[in-house]
Amino acid sequence: MKPYNVLFLCTGNSARSILAEAYLNAKGEGRYAAYSAGSHPVGRVNPFALEVLAEHCIGTEALRSKSWDEFARRGAPAMDFVLTVCDQAAGEVCPLWPGRPITAHWGVNDPARVEGSDEEKRRAFARAFGELSARIDLLLALPADSRGRMDAATRLAEIGRHPEEAFGK
């Protein structure tokens, strides 16, 4: 069975979308192929994102900050799901994605914007990673027979709105 392609979008593609991409690729057991991109990529992965991933034994070698234009071009992988993880990217006009991906918004506060000590920044990244990994765990728990377009769109939206309540958890 071909894996579901998932694109996580953010503005800078240095923190939240990177965390989500890495976590889903690590935990998806080949059922998912995760990617990330940004509307205005900063061109580097935030070192605190790399640190939190390393703490969870998740590989970081293939991660890079990139534009969402890469995924709108001819020859790009057709996405099954496109998930925005920041409010700013959710409000932007997105490219037209090949195929007809199911879209949802999973807003998470931007840990890269936290000012303060390195310890405060680490806590912000740990919080963002916790929120994203909990939502992705719910995605991974979806029964294979409930991935029809309407059902999947509804469930993904529920995960984004109230992850603690989605699916009766």
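Start with the largest pocket: 17 residues line it, and Thr11, Gly12, Arg16, Asp110 and Arg113 sit nearest its centre. A pocket here is an open set of points on a 1 Å grid over the protein atoms alone, where a 1.4 Å probe fits and protein lies on both sides within 12 Å along at least five of seven lines; lining residues have an atom within 4 Å of a point. This is a predicted model, so local features need pLDDT of at least 70 and side-chain atom pairs count only at pLDDT 80 or more, while totals for chains, interfaces and linings use all residues. Residues are numbered from 1 along each chain as its sequence is written, and side-chain values use heavy atoms, with hydrogens and water left out.

The volume of the largest pocket is about 250 Å³, taken as the space filled by probe spheres set on the points, which are joined across faces, edges and corners.

Axes are lines fitted to C-alpha atoms over the stretch in contact, with angles from 0 to 180 degrees between N-to-C directions. On the helix 1 side, the contact (heavy atoms within 4.5 Å) is made by Arg16, Leu19, Ala20, Tyr23, Leu24 and Lys27. By class, this contact has 11 nonpolar, one polar and three charged residues.

Helix 2 (residues 47–55) also packs on helix 4, at about 60 degrees with the axes 9 Å apart, so helix 2 is oblique to helix 4 as well. Phe48, Ala49, Glu51, Val52 and Leu53 of helix 2 make the contact with a set in helix 4 that includes Phe125 and Phe129. The classes here are seven nonpolar, no polar and four charged.

That leaves helix 1 against helix 2. They pack at about 25 degrees, with axes 10 Å apart, which makes helix 1 roughly parallel to helix 2. Ile18, Leu19 and Ala22 in helix 1 meet Ala49, Val52 and Leu53 in helix 2, a contact with six nonpolar, no polar and no charged residues.

Key: Helix = DSSP H or I, 4+ residues; strand = E, 2+ residues; numbered from the N terminus. Nonpolar A, V, L, I, M, F, W, Y, C, P; charged D, E, K, R; others polar. Parallel < 35°, antiparallel > 145°, perpendicular 65-115°, else oblique.
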